[in-house]
Amino acid sequence: MNFHTRKWVKPEDLNPNGTLFGGRLLAWIDEEAAIYAIVQLGTSRVVTKFMSEINFVSSARQGDIIELGITASAFGRTSISLCVEIRNKITRERILTIDRIVLVSVDADFKPVPHGRTRITYIEDRFREQAGSNDSHDDGHNDETPQKAPRRRAESASDLKNA
């Protein structure tokens, strides 16, 4: 399980009992799952289709830092299935698990479309793929002299697919 995101529990995240509001946590999970799917599937158009049973086993309080862990468990033709674990970084207690979230790649009319991915890819894999595709064309540079690509910040989710 990769823990990509941390959240700091602030006063506006609390319920009347002074603990983390479950709805806030679910919103964070849905957002993080969408970002994970966008990066993995290489498309900015994904929707959440299904979320399995959510099992809250503990909570967090103001000032706690929580970690959101997500990993892909399966790739379908148009979908990706994820499993999620949330834990309290301070106490190391598990807060909740979700065995399965399914996100679907969609077109402009929100119809499912194939995404073409079959496995988890990491940034190193994408760099290797890009380097391999750059080797197949003549860009006018001497291959013995490495050219450094200009760095830029992603401005939108669609920019992430090129990362």
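1. A polar contact is here a pair of N or O atoms within 3.5 Å, where, within protein, one must be able to donate a hydrogen and the other to accept it, and where residues adjacent in sequence count only if both atoms are side-chain atoms. By that criterion the side chains of Arg 87 and Glu 67 are joined by a polar contact of 2.5 Å.

2. On provenance, this is a predicted model, in which local features need pLDDT of at least 70 and side-chain atom pairs count only at pLDDT 80 or more, while totals for chains, interfaces and linings use all residues. Residues are numbered from 1 along each chain as its sequence is written, and side-chain values use heavy atoms, with hydrogens and water left out.

3. Arg 87 belongs to strand E5, which covers residues 79-88; helices (H or I, at least four residues) and strands (E, at least two) are DSSP runs, numbered from the N terminus. With neighbours within four places in sequence set aside, the residues in contact with Arg 87 (heavy atoms within 4.5 Å) are Phe 3, Ile 65, Ile 66, Glu 67, Arg 92, Glu 93, Arg 94 and Ile 95.

4. The structure holds six salt bridges, a salt bridge being a side-chain nitrogen of Lys or Arg within 4 Å of a carboxyl oxygen of Asp or Glu. Side chains of opposite charge can pair when their charged atoms come close. A network of salt bridges links Arg 6, Glu 67, Arg 87, Lys 89 and Arg 92.

5. Within that group, Lys 89 and Glu 67 form a salt bridge whose closest N and O atoms are 3.5 Å apart. Because Lys 89 lies in the loop between E5 and strand E6 (94-105) and Glu 67 in strand E4 (residues 65-75), the pair ties together parts that are 22 residues apart in sequence. Glu 67 also forms a salt bridge with Arg 92, with the closest N and O atoms 3.6 Å apart. This second pair likewise links distant parts of the chain, given Glu 67 in strand E4 and Arg 92 in the loop between E5 and E6, 25 residues apart.

6. Is Glu 67 buried or exposed? Glu 67 counts as buried at 2% relative accessibility, where buried means under 20% relative accessible area, exposed over 50%, and partly exposed in between (1.4 Å probe, protein chains only).

7. Arg 94 is partly exposed, at 44% relative accessible area, whereas Glu 85 counts as buried at 16%.

8. Asn 88, also in strand E5, is buried, with a relative accessible area of 1%. The Asn 88 side chain reaches the backbone nitrogen of Ile 90 at 2.8 Å, and a polar atom of that side chain lies 3.2 Å from the backbone nitrogen of Thr 91. Not counting residues up to four places away in sequence, Asn 88 touches Ser 59, Ala 60, Asp 64, Ile 65, Ile 66, Glu 93 and Ile 95.

9. Ile 29 lies in helix H1 (residues 22-41) and counts as buried at 0% relative accessibility. Leaving out residues up to four places away in sequence, Ile 29 touches Leu 68, Val 84, Ile 86, Leu 96, Ile 98 and Ile 101. The C-alpha atoms of Ile 29 and Ile 98 are separated by 9.7 Å, although the two residues are 69 residues apart along the chain.
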